[in-house]
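Me: I'm new to reading protein structures. Could you walk me through one, feature by feature?

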Amino acid sequence: MLRLTSDDLEITLDPWKGGGVTSFLWRGIDVFRPHAGGDHPTDLACFPLVPFCNRIADGRVSRTGEIRTIPMSQKGVDPHHAIHGLGWVSPWSVKQSGQDAATLGLAHDGSIWPWTFSSEQHIQLLENGYSHTLTLTNTDKVPMPAGLGLHPYFPRERATLSGAFDGYWQTGPDRLPAQHRLLDRQPEWFADQGFDNCFTGGSQSIQLAWPGHVLTMRPSANLPFTHVYTPPGADFLCVEPVSHIPDAINSPLGREETGLQMLEPGESFSVECSFMLKETV
């Protein structure tokens with residue numbers, strides 16, 4: 001377990017458990033929902049999404065024209081589709097650690113995701129917040145589809161969410177994107193049915209507010225989508241900055257619509273999101 005601290009901040013990381021954040025406190029307040037206490041990766045406060053985000057239909061991908069099925073519908077989260085990549089269920093190595101920063105590393109041999117890759121997370125404390133950088137490098141001999149994101153959990157009680165979202169991907173019964181729809185007003189985030197959708201627009205500044213404090217998330221421009229998960233009756237919500245829509249690898253749409261990256265051998269892709277706090281009166 002790694003612990004990063006400054007005057008007002010404390011972040012704990014567990015490299016062994018998906019390289020995840022287990023707690024993020026600002027002035028003693030839990031900004032992320034703290035570790036839920038179990039061994040499941042969804043008990044983490046935040047975990048990395050690498051080398052893809054959200055779901056891949058039936059775990060089916062194509063490597064140089066050959067269809068592969070990746071056995072990544074893990075941990076009972078989704079019995080039908082591969083989900084959230086490899087990072088959240090893999091141990092990460094500690095490449096560097098100090099009082100206010102840490103770098104974690106992951107190398108994959110191609111045995112599950114059918115490409116070899118390496119990844120790094122860099123967590124840096126800032127004044128009243130922190131930055132989280134993810135990097136993915138294709139170490140294979142052929143091009144690799146790629147995506148990155150973060151999956152933080154937030155306390156739901158008395159929370160409000162706002163962002164200049166202009167649309168969302170409506171999902172079908174299989175929970176995969178079926179049609180993009182425009183928004184003319186902010187969604188009712190905590191309506192009875194909840195949300196498990198990928199939103200477009202508004203990703204340059206997303207705010208979560210509670211009585212007494214506000215969190216502003218500022219994703220980099222190459223995290224243009226925001227997946228929002230507000231399960232009915234839960235005590236948490238997830239607001240996930242991601243680089244592509246669900247099942248982008250199998251979409252007939254182009255890169256501009258889906259956000260899917262294609263990395264050439266040796267090529268890297270990096271994203272960053274800052275989480276900044278301030279008091280409210």
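This is a predicted model: local features need pLDDT of at least 70, side-chain atom pairs count only at pLDDT 80 or more; totals for chains, interfaces and linings use all residues.

Me: Which strands each supply at least two residues of the lining of the largest pocket?

Reply: To read a pocket, look at which elements its lining comes from. Here, E15, strand E22 (225–229) and strand E23 (236–242) each supply at least two lining residues of the largest pocket. The pocket has a volume of about 200 Å³ and is lined by 14 residues, with Val77, Ile83, His84, His151 and Tyr229 nearest its centre. Sorted by class, that lining has five nonpolar, five polar and four charged residues.

Me: Which residues lie nearest the centre of the second largest pocket?

Reply: They are Trp16, Lys17, Gly18, Asp39 and Trp88, from a lining of twelve residues. The volume is about 170 Å³, and the lining divides into six nonpolar, three polar and three charged residues.

Me: How many bridges join strand E1 to strand E2?

Reply: A general idea to start: in a regular strand, side chains alternate between the two faces of the sheet. In this structure, E1 (residues 2–5) and E2 (residues 9–14) run antiparallel and are joined by four bridges. Three residues sit between the two strands of this hairpin, and leucine 2 stands opposite leucine 13 in E2.

Me: Is arginine 158 buried or exposed?

Reply: Compare its relative accessible area with the cut-off: exposed means over 50%. Arginine 158 has 62%, so this residue is exposed. You'll find arginine 158 in the loop between strand E15 (149–155) and strand E16 (160–162). Leaving aside neighbours within four places in sequence, arginine 158 is in contact with Ala209, Trp210 and Pro211.

Key. Residues are numbered from 1 along each chain as its sequence is written. Side-chain values use heavy atoms; hydrogens and water are left out. Two strands pair if DSSP finds at least two bridges between them. Buried means under 20% relative accessible area, exposed over 50%, partly exposed in between (1.4 Å probe, protein chains only). Contact means heavy atoms within 4.5 Å. On a 1 Å grid over the protein atoms alone, a cavity is a set of points where a 1.4 Å probe fits but cannot get out, and a pocket is an open set with protein on both sides within 12 Å along at least five of seven lines; lining residues have an atom within 4 Å of a point. Grid points are joined across faces, edges and corners, and a volume is the space filled by probe spheres set on the points. Ala, Val, Leu, Ile, Met, Phe, Trp, Tyr, Cys and Pro count as nonpolar, Asp, Glu, Lys and Arg as charged, and the others, Gly among them, as polar.
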